[in-house]
Amino acid sequence: MSCYQFRVLQMRRLVLALILPVTLLGVVTFPNHVQTVTAQTSKQNGRLTISADMQEYNANTQVATARGNVEMFYPARQIKATAAQAQFFSRERRIDLSGNVYIVQNGVNSIRAEKVTYLIDEGRFVALPQSQGRVQSIYMVNDSELGGVSN
């Protein structure tokens with residue numbers, strides 16, 4: 001083996017030794033996209049799962065943002081939701097959904113709006129329409145609760 005070939009071989013080994021760890025670190029540390037975030041919520045530690053095309057989390061503000069085909073599932077409160085974007089504010093225990101929001105609770109009650117804020121501790125929804133639009137809510141009411149009274 002000539003001196004030139006030996007140096008080329010050493011250079012290739014050096015480059016491989018430097019690039020391989022950096023590449024592996026990038027794959028482990030920076031995945032292409034995060035698809036699901038699961039947050040522990042409420043005193044019963046109910047699982048709240050958000051799935052989306054893309055998600056990011058800011059550790060300083062403790063805010064998770066999900067974009068594109070967002071789906072939220074909160075089985076402890078029988079809530080399913082879809083939206084274009086969702087932000088989970090873990091400090092405030094609040095979820096902001098925006099962009100063609102549709103929420104179903106208990107499999108029957110529903111809300112359609114442009115923006116909805118869900119206050120986790122209160123179990124309360126605040127829905128806002130698009131400008132000049134309206135919010136639609138559908139609730140299933142059990143007539144037996146009326147005690148047989150009719151109009």
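Which residues does isoleucine 103 touch, not counting residues up to four places away in sequence?

1. Isoleucine 103 touches Ile79, Lys80, Ala81, Leu97, Asn109, Ser110, Ile111, Val116 and Phe125, leaving aside residues up to four places away in sequence, where a contact means heavy atoms within 4.5 Å.

2. The model is a predicted one, in which local features need pLDDT of at least 70 and side-chain atom pairs count only at pLDDT 80 or more, while totals for chains, interfaces and linings use all residues. Residues are numbered from 1 along each chain as its sequence is written, and side-chain values use heavy atoms, with hydrogens and water left out.

3. The chain has 1 helix and 9 strands, read from DSSP runs (helices H or I, at least four residues; strands E, at least two) and numbered from the N terminus. Along the sequence the pattern is α-β-β-β-β-β-β-β-β-β.

4. Buried residues, those under 20% relative accessible area with a 1.4 Å probe and protein chains only, make up 25% of the 151 residues in the chain.

5. In the largest nonpolar core, which holds 22 residues, Ile50, Met72, Ile95, Leu97 and Ile103 touch the most other members. Two or more residues of this core come from each of strand 2 (46-51), strand 4 (63-74), strand 5 (79-89), strand 6 (94-105) and strand 7 (109-119). Such a core is a set of buried Ala, Val, Leu, Ile, Met, Phe, Trp, Tyr and Cys residues joined through side-chain atoms within 4.5 Å.

6. Aspartate 96 lies in strand 6, and apart from residues up to four places away in sequence, aspartate 96 touches Gln85, Ala86, Gln87, Phe89, Val116 and Thr117.

How values were computed. Buried means under 20% relative accessible area, exposed over 50%, partly exposed in between (1.4 Å probe, protein chains only).
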